[in-house]
Amino acid sequence: MLFSWTLSKLGVPDKGKCCVQCRSCEASIKCEDCFHFLCHKCDQQQHFVMPFHQRFCWKNGFFEPLDPTQTVCSDGNVIHWKPVVPAHPPNSCPNCSESKFTTLSSNNLCIFVTLSGRYDLYTPIFRCKCGYVDEELGKAMHQSGFYSTGRNSSTFYSINLLDSWHFLKRSSPGTSLQALVSALELFGASRGRHGPINFETTKRVFFEWRFHQYELGRIKGEFDKGCPACDTTPVAVHIDGNKKLYRYNKVGRGIRNSYYSGGIFACDKEVQYHVSTIQNLKTQVRIFLHLFESLKIGFQIET
């Protein structure tokens with residue numbers, strides 16, 4: 001029974017199936033996220049700001065994945081179009097204080113990496129009725145859940161992806177970032193989105209984002225409640241557990257400062273000072289206990 005249900009899900013619709021939106025044109029696209037069969041006009045209207053939905057067309061009796069920048073006419077021809085990444089518009093226009101903007105597609109094609117792999121998508125521009133155009137790409141993408149390494153970067157990573165990799169890395173320390181990047185490339189290719197994901201950029205973005213989260217946690221006081229090494233859920237504190245095994249003496253760049261500013265690693269002088277302080281406290285406690293016992297014995301003799 002379950003297998004028959006699977007087959008029925010994969011079955012292409014009969015010729016002449018109507019679009020569920022307009023009810024007048026023949027459907028040529030299936031969206032797995034909307035659970036709808038759509039014509040190319042309704043597809044563009046529905047997915048202009050929802051480019052991360054997985055869409056399919058059917059040819060020769062089989063479903064074929066569509067790139068987000070492709071749609072299919074009723075005659076079966078694949079045409080190019082320009083959906084945009086959803087982003088927050090400005091609060092108001094600096095010229096006329098209007099709060100309503102028209103979302104348009106720019107000619108800026110950027111790379112977006114999510115849990116579903118790589119997407120090549122156009123960024124939005126926001127136009128006011130007075131003629132003002134807002135193209136603050138970096139800030140808009142950051143406010144919309146994407147992270148990049150710079151103001152003018154053309155590659156953005158989903159915060160959900162970075163969060164997921166952080167918790168996966170904590171739960172499965174043996175999993176490598178290279179394996180994750182390869183898996184994302186394969187998953188994207190299986191959905192019709194071909195293209196490499198730069199490993200070095202991914203690693204840099206993840207480390208910078210984690211450093212920002214660490215600084216944010218310090219501001220919020222989240223790291224003042226326990227030791228990161230001996231907590232109930234400790235993180236690996238050895239250099240090989242955190243950043244693999246870099247042989248700094250054999251490379252030309254030398255030793256770099258820790259991202260965590262003494263939060264996990266401490267220099268030898270600070271450790272020795274801390275140990276000496278503890279030893280002095282122990283000595284003072286012993287002297288105090290000895291004096292206390294002497295006073296206690298003297299008091300008993302007098303009484």
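**Figure 1. V285, F288, L289 and F292 make a nonpolar surface patch of about 410 Å².** This is a predicted model: local features need pLDDT of at least 70, side-chain atom pairs count only at pLDDT 80 or more, and totals for chains, interfaces and linings use all residues. Residues are numbered from 1 along each chain as its sequence is written, and side-chain values use heavy atoms, with hydrogens and water left out. Patch residues have over 30% relative accessible area and no salt bridge; like charges are joined within 9 Å, and nonpolar side chains (Val, Leu, Ile, Met, Phe, Trp, Tyr) within 5 Å. Areas come from the Shrake-Rupley method with a 1.4 Å probe; for residues, only the protein chains shown count as cover. F292 sits in helix α8 (residues 268–302). Its relative accessibility is 45%, so F292 counts as partly exposed. Buried means under 20% relative accessible area, exposed over 50%, and partly exposed in between (1.4 Å probe, protein chains only).

**Figure 2. Four strands form an open sheet in the order β2-β1-β3-β4.** The pairing is antiparallel. Strands pair if DSSP finds at least two bridges between them. Helices (H or I, at least four residues) and strands (E, at least two) are DSSP runs, numbered from the N terminus. From one strand to the next, the twist averages 35°. Four bridges join β3 (residues 55–59) to β4. Here W58 stands opposite F63.

**Figure 3. Helix α2 (residues 40–47) lies across β1 (29–31), β2 and β3.** The helix runs at about 120° to β2. Axes are lines fitted to C-alpha atoms, for helices over the stretch in contact (heavy atoms within 4.5 Å), and angles run from 0 to 180 degrees between N-to-C directions. The side chains of D43 and R55 meet in a salt bridge, at 2.8 Å from N to O. D43 lies in α2 and R55 in β3, so the pair ties together parts that are twelve residues apart in sequence. A salt bridge is a side-chain nitrogen of Lys or Arg within 4 Å of a carboxyl oxygen of Asp or Glu. D43 is buried, with a relative accessible area of 0%. R55 is buried too, at 2%.

**Figure 4. Strand β8 (residues 117–127) is largely enclosed by the rest of the structure, because nine of its eleven residues are buried.** Ten bridges join β8 to the antiparallel strand β7 (residues 102–114). A hairpin of two residues links β7 to β8. T102 has R127 as its bridge partner. R127 also stands opposite V133 in β9. Two bridges join β8 to β9 (residues 133–134), again antiparallel. Five residues lie between the strands of this hairpin, and G131 takes a positive phi near 105°.

**Figure 5. T123 lies in strand β8.** At 3% relative accessibility, T123 counts as buried. Beyond its neighbours within four places in sequence, T123 contacts V84, L104, S105, S106, N108, C110, F112 and L137.

**Figure 6. E98 forms a salt bridge with K129.** Their closest N and O atoms are 3.6 Å apart. E98 lies in the loop between β6 (78–80) and β7, and K129 in the loop between β8 and β9, so the pair ties together parts that are 31 residues apart in sequence. K129 is exposed, at 73% relative accessible area.
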